[in-house]
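Here's a quick tour to read with the model open in your viewer.

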Amino acid sequence: TVMAAPMTNDQSWFYALALGVSFLKCLLINAYHSTDFEVHRNWLALTHSLPVSQWYYEATSEWTLDYPPLFAWFEYGLSHIACFFDKEMLVVPNLNYASPATVLFQRLSVIVADVVFFYAVKECCKCLREDKGKDLLGKPSFILTVLLLWNFGLLIVDHIHFQYNGFLFGVLLLSIARHCQVLAVIPVLFTSFNCICFILTQRFIDKSRSSLFIKGQLPQVLSRLFPFKRGLCHAYWAPNIWALYNIADKAFSILGVKFRLLDINKLPKASMTGGLVQEFQHSVLPSVSPLATLVCTLLSILPALFKIWHRPNGARGFLRCLVICALGSFMFGWHVHEKAILMAILPLSLLAVDSRKDAGIFLMLSVTSHYSLFPLLFTTQELPIKIFLMLLFTIFSLASLKTLFRKGGALLNPLEVTYLLGLIPLELICEFVYPLTVWQKTFPFLPLMLTSVYCALGVTYAFIRLYISLLTCSDTTKKTKMQ
Amino acid sequence: MENWSLFSLCVLLGLTSRWAVSFHSYSGAGKPPMFGDYEAQRHWQEVTYNLPVHEWYFNTTNNDLNYWGLDYPPLTAYHSLVCAYVAKLLNPEWVELHASRGYESHSHKLFMRATVLFTDILIYIPAVLLYCFYFCDGFSKQKVATALCILLYPGLILIDYGHFQYNSVSLGLALWGILGLGLGWDLFGSLAFTLALNYKQMELYHSLPFFCYLLGKCIKQGLIGRGFFQLAKISLTVLVTFALCWMPFLSDPKQPLQVLHRLFPFGRGLFEDKVANTWCSLNVLIKIKTLLSRETQLFLSFALTLLFILPSSLKLLSKPNLWQFKLALVNSSLAFFLFSFQVHEKSILLAAFMLPLLVKDGLLLPYVVTSLAFLFLSLYLLSALERSTEEELRLGIYRKLTRHWLPKLNLSRIIKWKFWFSLVAMAALSFTSVWLEPPAKFPDLFPVLVSILSFLHFLGFIIYFNLVQLMEPQRKKSQKKTN
C-alpha cells in the first residue's frame with residue numbers, strides 16, 4: 001500500500017527534524033562568528049584558570065564577564081571538556097585565539113547545549129490540543145516544532161553570530177510547559193513575579209533564581225550585569241520605541257534648522273548615529289535616562305499584569321502576558337539588543353499554532369524581527385545563507401499557518417502584507433543598491449537606521465495588537481482549549 | 001501545505017546546504033605550485049579571456065598546456081569566458097595573463113563559488129524540480145521527498161561546492177535531455193543532451209542510451225515515412241548544435257584534432273590515481289599497467305566496455321520506452337566507468353567513494369555531515385513509504401545510489417543485511433583513513449581499500465541493473481504514466 005505522507009510511528013518526525021537542524025548547524029561551523037565567540041572563549045579561560053572570587057574582577061580582556069553566575073558555572077563546566085580539544089584556548093592571555101579545534105569545540109558546545117531546547121520543545125508540544133487523523137504537515141505540534149527548532153533568529157544568532165540562547169530559551173520554554181501542565185496549582189502572584197523578572201533581567205532567563213552567594217561581590221556582579229553606563233541604544237538601534245524616538249528627534253532637528261527655528265550651533269553633535277556605543281543627548285526632544293526607560297517599561301506592562309491578576313485566563317492568558325512583558329521590555333528598555341526580540345517570538349509561537357489572531361500577529365512580528373536581525377550578519381559570505389534561511393522560515397510559517405487556519409479568511413490584512421512585502425525593496429536597497437552609491441562613505445549608518453526604523457514600526461504595531469487582544473479577550477477559563 | 005511551498009522549501013534547503021559547504025576549503029587550496037581544480041577553472045578563465053580562440057587548446061608561449069591546459073569541450077571554454085568577463089569587472093587581477101597564477105583570496109573564492117551557485121540555480125535545480133514533478137509516481141508528498149533527496153545528494157554538492165567543479169551544468173543539461181525525451185520532445189531532448197556532451201565529454205557515458213532510445217523510437221515509427229523524418233530531424237538538430245559549438249574551431253583542420261587530443265588523452269595510460277574501477281582494482285593482483293602494452297590496454301578496455309554495454313543497448317533499441325531508457329543510462333555509465341580508459345573517480349559522483357579525494361581537500365567535515373544527512377534522510381523519508389521496486393530503482397537509476405533494498409521476496413532480508421554491512425564497512429574505512437596511519441609497507445593501503453570496496457559494489461550494481469533491464473517485465477504503472 002502506498003501511503004500519502006511519511007508517517008512512521010508517532011514521534012519519529014520530531015527526531016528527524018531535530019537531527020536535520022543539527023546537521024545544518026554542523027555545516028555552519030565554518031561560518032562567520034562575531035566577537036561573541038572571543039567573549040565566550042575568554043569566559044572559558046577565566047573560569048577555568050581563576051578562582052571564583054576573581055571571576056567578576058578579571059579584566060585582561062575587554063570582554064569581561066557580564067552574565068549572571070549560573071552562566072559562569074556553565075562555562076566552568078564546559079571548560080573541563082575544552083581541555084580535550086585545545087588547551088591553548090583556556091589560557092587567559094591568548095586573546096582572539098581561534099584555532100580550528102577551538103572553533104569546533106565552541107560550535108559543538110552550542111549544538112549540544114541545544115538538546116535542552118529540543119527537550120523543552122517536545123514538552124511544549126504536549127500542551128497543544130491534538131487533532132487526530134490530521135496529515136502530518138498540518139498538525140499543530142509539527143508546525144510548532146518547526147517554528148521553534150528551525151527558528152531563523154535562533155539559528156542565526158546562536159550558530160553563526162555565536163551565543164547560547166538555545167540552551168537558555170530551552171529553560172524558559174520548559175518552565176512555560178510546566179506552567180501549562182500544572183497551572184491550577186500556581187498562584188497568580190507567582191505569574192506576575194515571573195513577568196517582572198523578565199523586565200529586570202533582559203539578558204538571562206533563569207527560573208531557578210541563580211545563586212548570588214559569591215562573597216561580597218554583589219555590587220560588582222550587578223554593575224557588570226546592568227551596564228547603565230552604556231547608551232540608550234546599542235550600536236545598531238534595536239527596532240523599538242527609542243529608534244522611533246531617535247528618528248523623530250533627528251527629523252525635528254533637521255526641520256528645525258531648515259525653518260530657522262533652531263540654531264545649528266546650539267545643537268549637540270550628532271553622535272548617536274556614529275555606530276559606537278556612547279552616551280548621547282537628544283537635540284530637540286528631551287533626553288532619556290535609564291530611570292525613564294524603566295518607568296516606561298513598567299508602565300507598559302502594568303495594564304497587562306493587572307488584567308491577568310484580575311482575570312487569569314488560564315495558560316493562554318499567562319503566555320500572552322509573558323509575551324507582552326517581553327515585548328514591553330524590548331520596546332522601552334535601556335540598551336536593548338535586537339536579539340532580545342527572540343524572547344517574545346518563541347513564546348508567541350506557542351500561541352500562534354493555537355489561534356487565528358495570534359497567528360497573524362506572529363507572522364507580522366516574526367518576519368519583521370527576523371529581518372531586523374540581518375545587520376548582525378554583515379559579511380558577503382553569509383548573505384546567501386541569511387536570505388535562504390529567512391525565506392525558508394517565512395515560507396514555512398506562512399504556508400503552514402495558512403493551512404492550519406484555512407477556514408476564516410486570510411491571516412494578514414492587505415496593509416500588513418504590503419508592509420511585509422516592503423521588506424524586499426528595503427533589503428535590496430540596503431544591501432545591494434546603497435553600497436554602490438556615493439553616500440556610502442558619508443552616511444554609512446543610513447541603511448542600518450532605515451532597517452531599524454522600518455522594523456520598529458512593525459514591532460510597535462504587533463505590540464499594540466497583542467495588547468488589544470489581551471485586554472479585549474473574554475474570560476475563557478471555563479472552556480480553555482489549552483490543557 | 002501547497003505544492004509550491006513544499007518545493008520551494010526543498011530548493012531552499014538544497015541551496016543552503018550547498019552554500020554552507022562552500023564555506024569550506026577547495027581543491028589545492030594553498031598548495032603551490034600546481035594547486036588544484038579550483039586553480040584550473042580560474043586559469044581557464046584567464047586563458048579564454050586573454051588569448052584568441054585558436055590558441056586555447058594549443059601549447060604556445062602564452063598557454064602552457066602542462067599547467068592545467070583546457071581538457072573539456074568548447075562549451076566549458078565559453079562558460080569560462082563569460083565568467084572571465086564578470087571577473088574582469090569585479091577585479092582584473094583575477095584574470096591577469098600569467099600574473100594571476102595561483103591567485104587566492106577570500107573575495108575571489110566568493111566569486112568562484114557564486115558562479116557555481118548561479119549555474120546550479122539556472123540549469124540543474126529547475127531540471128530536478130520538473131523531473132520530480134512530472135516523472136515521479138505517487139502523491140505530491142512523495143515527489144517532494146524525492147526532490148529533497150536528489151537536491152541533498154552529497155556527491156554533487158561536495159564536488160561542485162567543495163572540491164570545485166561545474167558538474168551541475170553538464171548533469172543538469174543531461175537531465176533536461178532526459179526530461180525532453182520523457183515528455184516526447186525529442187528535438188529539445190537531443191539539443192539539451194548535445195549541449196551537455198559539448199560541456200563535458202564525460203557525458204559520453206550517457207550517449208549510447210540516448211542514441212539507442214531515439215533510434216529505436218524512430219524505427220518503431222517506421223523507417224519509411226514518419227520514422228525517417230523524425231530521424232532526419234534529430235540528426236540535423238544534433239549536427240547543427242555540434243557545428244555551432246565547434247564553429248570557431250572548424251576553420252582549420254588541425255584545430256578539432258587538437259581539441260579531441262586534449263579531450264581524450266590516450267597517452268596518459270589506463271588509469272591514474274586510485275579509481276574504483278576494474279583496472280585499478282585488478283592492478284592490485286596483476287600489474288596490468290606494466291604487463292600489457294598501451295595498445296593492448298586500449299583494446300582490452302574497449303572490448304570489455306563494449307561487451308558490457310551491448311546487451312543493454314540492444315534491449316533498449318528493441319524496446320524504446322522510458323523505463324528501459326533509464327535503466328540503460330545506469331548500465332551504460334557504470335560500464336564506461338568500470339572498464340574504460342583514463343577514468344577519474346569524479347566520474348562516478350558518489351560521495352562515499354571519493355573519501356580520499358575529499359580528505360585531501362580538507363572537506364572531511366562537510367563530507368561526514370552531508371553523507372550522514374543524506375543517508376538518514378533517504379532512509380527516513382523513503383523507507384517509510386511502501387515503495388514498489390520501480391520507485392526505488394528509478395531513483396537509484398538516475399543517481400547511482402548505494403541504497404538497494406527491494407521487496408524482492410526472500411532476497412530482501414539478505415539485501416537489507418548487506419546494506420547495513422556496506423554502511424558499516426564504509427564508516428570503518430572512513431574512520432581509519434582519517435585517524436589511523438597506514439603501515440609503512442603499504443602507504444596507499446586505505447585509498448586502495450576504498451577503491452576495491454567501491455569497485456565490488458559497482459560490479460554488483462552493474463550485474464543487478466543489467467539483469468533488471470534484460471529480464472524484468474514491464475511495470476504497468478510506468479506504462480500508464482510515462483509512455
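Both Phe332(A) and Phe463(A) are buried, and they make a handy place to start. Keep in mind that this is a predicted model. Chain A is built from 19 helices and zero strands. Of its 483 residues, 57% count as buried. Take the contacts in chain A between residues at least 6 apart in sequence: 79% of them join residues at least 24 apart.

**Aromatic pairs**

- Over all chains, the structure holds 40 aromatic pairs.
- In one of them, the ring centres of Phe332(A) and Phe463(A) are 6.5 Å apart and the planes sit at 65°, so this pair is edge-to-face.
- Over in chain B, Tyr213(B) and Phe325(B) form a tilted pair, at 4.9 Å centre to centre with 40° between the planes.
- Tyr213(B) is in helix 9 (residues 204-220) of chain B and Phe325(B) is in helix 15 (residues 322-339) of chain B, so their pairing ties together parts 112 residues apart in sequence.
- Tyr213(B) and Phe325(B) are both buried.
- Back in chain A, there's a cluster held together by ring pairs: Phe37(A), Trp43(A), Phe71(A), Phe74(A), Phe162(A), Tyr164(A) and Phe167(A).

**Charges over rings**

- Arg101(B) places its charged end over the ring of Tyr67(B), 3.9 Å from the ring's centre.
- Lys143(B) has its charged end over the ring of Phe133(B), 5.3 Å from that centre.

**Helix packing in chain A**

- Who does the touching? From helix 10 of chain A come Ile241(A), Ala243(A), Leu244(A) and Ile247(A). They meet a set in helix 19 of chain A that includes Met449(A), Val453(A), Leu457(A) and Thr460(A).

**Helix packing in chain B**

- Helix 7 (residues 167-182) and helix 8 (residues 186-199) of chain B have axes that come within 7 Å and cross at roughly 165°.
- Helix 7 and helix 8 of chain B are therefore roughly antiparallel, and their crossing is left-handed.
- On the helix 7 side of chain B, the residues in contact include Leu173(B), Trp176(B), Gly177(B) and Gly180(B). Among their counterparts in helix 8 of chain B are Phe188(B), Gly189(B), Phe193(B) and Tyr199(B).
- Tyr199(B) also turns up as a contact of Thr76(B), together with Trp44(B) and Asn198(B), once you leave aside neighbours of Thr76(B) within four places in sequence.
- Thr76(B) lies in helix 3 (residues 74-90) of chain B. Is this threonine buried or exposed? With a relative accessible area of 2%, Thr76(B) is buried, because anything under 20% counts that way.

**Backbone spots worth a look**

- Pro32(B) and Pro33(B) are joined by a cis peptide bond, with omega at about 0°.
- Pro33(B) lies in the loop between helix 1 (3-21) and helix 2 (37-50) of chain B.
- Asn96(A) isn't a glycine, yet its phi is positive, near 60°.
- You'll find Asn96(A) in the loop between helix 3 (69-82) and helix 4 (100-126) of chain A, where this residue is exposed, with a relative accessible area of 60%.
- His98(B) likewise has a positive phi, about 70°, although it is not a glycine.
- His98(B) lies in the loop between helix 3 and helix 4 (106-135) of chain B. With 39% relative accessibility, His98(B) counts as partly exposed.

Key:
Residues are numbered from 1 along each chain as its sequence is written. Chains are lettered from A and ligands numbered from 1 in the order in which they are written. This is a predicted model: local features need pLDDT of at least 70, side-chain atom pairs count only at pLDDT 80 or more; totals for chains, interfaces and linings use all residues. Side-chain values use heavy atoms; hydrogens and water are left out. Rings of Phe, Tyr and Trp (its six-membered ring) pair if their centres lie within 6.5 Å; planes under 30 degrees apart count as stacked, over 60 as edge-to-face and the rest as tilted. Buried means under 20% relative accessible area, exposed over 50%, partly exposed in between (1.4 Å probe, protein chains only). Helices (H or I, at least four residues) and strands (E, at least two) are DSSP runs, numbered from the N terminus. A charge sits over a ring if NZ of Lys or CZ of Arg is within 6 Å of the ring centre and within 35 degrees of the ring normal. Contact means heavy atoms within 4.5 Å. Axes are lines fitted to C-alpha atoms, for helices over the stretch in contact, and angles run from 0 to 180 degrees between N-to-C directions. Angles under 35 degrees count as roughly parallel, over 145 as roughly antiparallel, 65 to 115 as roughly perpendicular and the rest as oblique. A crossing is left-handed if the near helix is turned anticlockwise from the far one by less than a right angle, and right-handed if clockwise.
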